[in-house]
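This report describes the architecture of one protein model, from its overall fold to selected residues. The sequence and structure are shown first.

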Amino acid sequence: MPTRPRRRKYQRRQRPHVRNTRFSDDELAHVTAGARTTGLTLAGFLARAALSACRDLERTASTVADEREIIAEFFAARRHLGHVGNNLNQIARALNAGAHPPELDAVIAATQRAVQRVQQATDQLLHQAQERPPA
């Protein structure tokens, strides 16, 4: 069952202006998935994305694409680490009960791969930030 975006507490000062936007089916699916992944409502996600784009009009399409790839890699690594953490919890339970689970070596290897993946994405992000001219 898909998770629903977290509801924000009621805010007295909501955005007073409403604009309509048209999307193809594929575009809407991508935008909706992005909103769901970040835990925002669709409207909040669209507002945040638009404001972010307005703040830096000098970025090229390739820069945006590179950033998206890095962000996607971080999300994948986070998901992977979540699975690894779940496996580690199960192994800890077994070890505390006196057993030596055969999956122990595989989970340790998966943990090392996940850490390397996060390190590579971080290095790539830092490299891009160093290449960017100062604003």
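## Overall architecture

The model discussed here is predicted. The protein contains 4 helices and 0 strands, and the order of these elements along the sequence is α-α-α-α.

Of the 135 residues in the protein, 16% are classed as buried. The accessible surface amounts to about 11,600 Å², and carbon and sulfur atoms contribute 54% of that surface.

## Packing of helix 1 and helix 2

Two packed helices are described by the angle between their axes and the distance between the axes. Helix 1 spans residues 25–38, and helix 2 spans residues 42–55. The axes of helix 1 and helix 2 come within 9 Å and cross at roughly 95°. Because angles of 65 to 115 degrees count as roughly perpendicular, helix 1 and helix 2 are roughly perpendicular to each other. On the side of helix 1, the contact is made by Leu28, Val31, Thr32, Gly34, Ala35 and Thr38; on the side of helix 2, Leu42, Phe45 and Leu46 take part.

Alanine 49 also belongs to helix 2. With a relative accessibility of 39%, alanine 49 is partly exposed, since the partly exposed class lies between the buried limit of 20% and the exposed limit of 50%. The C-alpha atom of alanine 49 is 10.0 Å from that of valine 31, a residue 18 positions away along the chain.

## A nonpolar surface patch

Which residues form a nonpolar patch on the surface? The patch consists of Phe23, Leu28 and Leu42, which together have about 220 Å² of accessible area. Two of these residues, Leu28 and Leu42, also take part in the contact between helix 1 and helix 2.

Leucine 42 is located in helix 2. Its relative accessible area is 33%, so leucine 42 is partly exposed.

## Threonine 38

Threonine 38 is part of helix 1 and is one of the residues of that helix in contact with helix 2. Is threonine 38 buried or partly exposed? Its relative accessibility is 35%, and threonine 38 therefore counts as partly exposed.

When residues up to four places away in sequence are left out, threonine 38 touches Phe45 and Phe75. Phe45 belongs to the helix 2 side of the helix pair. Phenylalanine 75 lies 37 residues from threonine 38 in sequence, with a C-alpha to C-alpha distance of 9.8 Å.

## Positions in helix 3

Helix 3 covers residues 61–96 and includes glycine 82. Histidine 83 is in helix 3 as well. Glycine 82 has a relative accessible area of 45% and is partly exposed, whereas histidine 83, at 54% relative accessibility, counts as exposed. The two residues fall into separate classes because exposed means over 50% relative accessible area.

Each of these positions can also be related to a residue farther along the chain. Glycine 82 and alanine 114 are 32 residues apart along the chain, and their C-alpha atoms are separated by 9.9 Å. Histidine 83 and valine 107 are 24 residues apart in sequence, and their C-alpha atoms are 9.6 Å apart in space.

Terms used
Residues numbered from 1 in each chain as written. Predicted model: local features only at pLDDT ≥ 70, side-chain atom pairs only at ≥ 80, totals over all residues. Heavy atoms only, no water. Helix = DSSP H or I, 4+ residues; strand = E, 2+ residues; numbered from the N terminus. Buried < 20%, exposed > 50% of the residue type's maximum accessible area, 1.4 Å probe, protein only. Areas by Shrake-Rupley, 256 points an atom, 1.4 Å probe, with all protein chains shown as cover. Patch = residues over 30% accessible without salt bridge, like charges linked within 9 Å, V, L, I, M, F, W, Y side chains within 5 Å. Salt bridge = Lys/Arg side-chain N within 4 Å of Asp/Glu carboxyl O. Axes fitted to C-alpha atoms, helices over the stretch in contact; angles between N-to-C directions. Parallel < 35°, antiparallel > 145°, perpendicular 65-115°, else oblique. Contact = heavy atoms within 4.5 Å.
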